[in-house]
Amino acid sequence: MSEYDARGKVNRALLICVDDYRTLRPLPAVKDNARELERALLAPGTDLFTKGEVVTCRPQEPWEVEQALDTVVQEARGLLLVYFSGHGRVGRDGGNLQLMVGASERRHKTVSWQDTVLSYLDNARADRIVIVLECCYAGNASEAFHSCRNPTSLLMAAQPNRRIFSGEEPTGGSVFTRALVQTLERGVPGKRFVTFEDLVRALREQLAGERTPMGDVWEPRSAKQNTVDDVILSFATPEDRPPTPLRIRLRRWLKSYFRHWPRLLLILAIIFVPATTGVVLLQLADGAAPCPPALELRLLTAPEAEPALRQAAFDYEMSQANTRPLSGEGDLPDGCRRAQITVYSAAKDQVDQGFAAADRWQGEAHGTGKERPGDQGIDPLHRPGPQPDIWIPESTADYYEARRGMPATGSPATLHYAAPVAYTPLVVGIPARRRLDDVEPAGASWQELLAGTDSTHHDLKLLRPSPVLSGTGLLHTLGLYLAHDGSGTATGAPDLTLARHAEERLAAPGSQYAGSTELLCSLRPDTDAAGSVDRTRSAPLVSEKSLADYNLGRATGSCPALDAPLPLRARYVAYYPANVPALDHPLVRVDWQGATDATPRQAAVAGFAQWLRARDGGQRTLTAQGYRGVRDSGPRQGSPLLDSRADVSPLAGTVPFTAAPEQVSRVLDGYDKAQRSSQLLILMDASTSMADGGKLPIALSAAGRAVELVGARHTYGLWTFPDRAHPEDRDAVRELVPLGSADPAPGKAALERIAGSPHGELVDHGAAMEEALTRAVRKMKKSSATNKAIVLILDQDDGAGAGRAAGVERTLSALVKEGPRVPILALAMGRSGCDTFALQQLAGASHGQCVPGGPQAVDTLAGRIASIGTATQGDR
């Protein structure tokens, strides 16, 4: 996993501590928290924050918190750390976490975690945000947290629905903060620094013997949003600590030096006559001006490549290539960054939609596009993020597909294709204990791989990322179709008979995923989700890098890093299909019509591209992340691919991408024709509780993605429950779009109405999930479609209790098990997620899946939906 190092950047830490309350119980132990934590953050061993970068706030009124947040949000450019210690309250449903200040009463003068804190942090320009909540019910912050738009890591002092400290701990701070300070000051044995993940593990170990006031084990929780890499929070270590790099010390000295210039100039103004003062001011301003704001470049990529490119962007920002003065740049001081790079990611289909509607993308960026609240939940342009200056897709095939979807004329975006920046071959992961007999791992033909994994041999289920959502899935499909016969000729059109045969081997409910990392995360031994596949009989079609990360225990998708590589029995061995092109990660410059700073942006992109391809620049960073270089056929020294526990073959060659745009189009057309017609019924909880905790935008986004995946042969229906017209009728549903529609427009319009007017569209009544689902299952059982599924999006089944029809659970359970099969794909955003017995039973009995709410939930569900058209009655 890559680590973000914020040293030398403009960092801020905001410590909000409230120990004195007017109407609530005082918390004397919190009084020392701010002083102790500030001391730890500014300690020489921590080596991250400098004097003046740590701000303490002891608020009595809510506006004081807002003012402090506004200040640090505007100032921070590197790391922004926000810490709160005080009372916390939640509503009766466990949502709507409120942070209590000195003047707070039980329901008044509070600071809303969702509406205030997260709203301010959404406007931050910092590279990384870390939040630490030490309050009662801190664990309840995780639901609303998933609506964050910035790369953010959240540490919650305890699990959901738990009170924590009594406030009577001895001096020196509360139990939780004392443990936090100790870890930051002393470090972690065997580690060169303390990362966010290290801190979470250390706190869990230190608090394992503690109990909450409710008698439960005290277990801190953590969550991440928009990032899978780690953040360094301290450079303290029990071992010999290496000195701070010279470039970091120089940058800090320059910042400190420039900070005193205003005071010096004021003294000069008092001593000298006004005329002399004017001359001196002009000269000093020219010679000692602080660093001007760096030009911000926006880099869009695929989720799988985001962590590595984040690290590469950071290394470039701090490199001499970006900080040394160049001729023609005026008086830019030495050590100042010319460019800073914001890295973000989106699924392949969303990127394609963004470029296809580039006029709307640009219009929204300029404030001329629509800005209704509903757009955030369902507009496909919301997920790709801001207009990119650089796009690094997974392969050249992705670029061809985006170009194909753009209008021939009139688009404000122009894509300039350039050479690749890194390679990673495509592989088939075979369980280590089920290696294929007489099949050479490096260079096996697809014919050999398909035969070796069929039902008469090892009987393995081939799992592939969706070609619609993933560049890895697209290129695997391209290689499978064009090199399937083993001839090695990736030319001409694919044979549709071979395409259908290949898809039959890949066809099974839930067999497609949103990307390599999400697929591999579902196979991790520590991941047990409802309806999960048998990892011992699965063969994932992924990239070499992602498989190596999986085997080595690195962070994979939403799965955090492990302490050690996986044992041999849990690993997969990489088999390399012959003549299948590798992911080549081309760099594409994106120019936008009407940009006033087009020339400097183009120059900045060129500088970054040159550094990325330099052996001692970006190639070193990307090699350390597990990629192959653009000038080396095999991995270089320092690559994790050389670790034998990665179970990859460094000797396997890298096949360049040679397919023409027309071939890519024909492969996708062949893929579409190989699919069978499908029908989807989207059943969404529309009770008012969906508006709490940031759940509604996620639900609307998930439903919107499902609607976008329909087509001429893939129909859908959209129902909500409870019915606004008959809220007391538990069996009633509101049919917003009748089942069988092939036009996504009515579905998008209905979702827009819900998002634009949630109070008028949501129903203030319990959502009887099992009654509504029973009606949906009965409807789908009668459908003539061969492939069908129900997408269930819910907060929780809050229709239980009085009034529930007797035996409804048994009726639904029996109905689900009857033929024909109707898989239930559920997105559960309640506090229990997929852990409820009802959802586990429904997902398992229907051969479906349950996806818990989280940062990757929408993409994960979309991957499952994409596989519905591949399912057949004869699936293994």
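Me: Buried means under 20% relative accessible area. With that cut-off, is R705 buried or exposed?
Reply: This is a predicted model, and everything here is computed from it. R705 has a relative accessible area of 4%. That falls under the 20% cut-off, so R705 is buried.

Me: What does the side chain of R705 meet in a salt bridge?
Reply: The N to O distance in this salt bridge is 3.1 Å. R705 lies in helix 24 (residues 695-708) and its partner in helix 12 (residues 348-356), so the pair ties together parts that are 356 residues apart in sequence.

Me: How many salt bridges does a search of the whole structure find?
Reply: Take K9 and D127 as one case, with side chains that meet at 2.4 Å, N to O. K9 sits in the loop between strand 1 (3-4) and strand 2 (12-17), while D127 is in the loop between helix 3 (113-121) and strand 8 (128-134), 118 residues apart. K9 and D127 are both buried. Over the whole structure, the number of salt bridges found is 36.

Me: Why are R310 and E306 separated by about one helical turn?
Reply: R310 and E306 form a salt bridge, with their closest N and O atoms 2.6 Å apart. Both of these residues are buried. They are separated by about one helical turn because of their spacing in helix 10 (residues 306-318), which is 4 residues.

Me: Is F49 buried or exposed?
Reply: Look for F49 in the loop between helix 1 (33-42) and strand 3 (54-57). Its relative accessibility is 5%. Since the cut-off is 20%, F49 counts as buried.

Me: What distance separates the C-alpha atoms of F49 and A13?
Reply: Leaving out residues up to four places away in sequence, F49 touches N11, R12, A13, L41, L42, V54, L79 and L81. A13 is 36 residues from F49 along the chain. Their C-alpha atoms are separated by 7.9 Å.

Me: What volume does the largest cavity have?
Reply: Rolling a probe the size of a water molecule over the atoms shows where empty space is left. The structure holds 5 cavities of 30 Å³ or more. For the largest cavity, the volume is about 80 Å³.

Me: How many nonpolar residues does the lining of the largest cavity have?
Reply: The lining is made up of L37, L41, L81, Y83, V130, V132, L180, L184, L199 and L233. At least two lining residues come from each of helix 1, strand 4 (79-85), strand 8 and helix 5 (175-186). No polar and no charged residues turn up there, and the nonpolar count is 10.

Me: Of the 876 residues of the chain, what percentage count as buried?
Reply: Zooming out, the chain has 30 helices and 29 strands. Among contacts with a separation of 6 or more, 78% are between residues 24 or more positions apart. The accessible surface comes to about 34700 Å², with 51% of it belonging to carbon and sulfur atoms. The buried share of the residues is 58%.

Technical notes:
Residues are numbered from 1 along each chain as its sequence is written. This is a predicted model: local features need pLDDT of at least 70, side-chain atom pairs count only at pLDDT 80 or more; totals for chains, interfaces and linings use all residues. Side-chain values use heavy atoms; hydrogens and water are left out. Buried means under 20% relative accessible area, exposed over 50%, partly exposed in between (1.4 Å probe, protein chains only). Contact means heavy atoms within 4.5 Å. Accessible areas come from the Shrake-Rupley method with a 1.4 Å probe; for residues, only the protein chains shown count as cover. A salt bridge is a side-chain nitrogen of Lys or Arg within 4 Å of a carboxyl oxygen of Asp or Glu. On a 1 Å grid over the protein atoms alone, a cavity is a set of points where a 1.4 Å probe fits but cannot get out, and a pocket is an open set with protein on both sides within 12 Å along at least five of seven lines; lining residues have an atom within 4 Å of a point. Grid points are joined across faces, edges and corners, and a volume is the space filled by probe spheres set on the points. Ala, Val, Leu, Ile, Met, Phe, Trp, Tyr, Cys and Pro count as nonpolar, Asp, Glu, Lys and Arg as charged, and the others, Gly among them, as polar.
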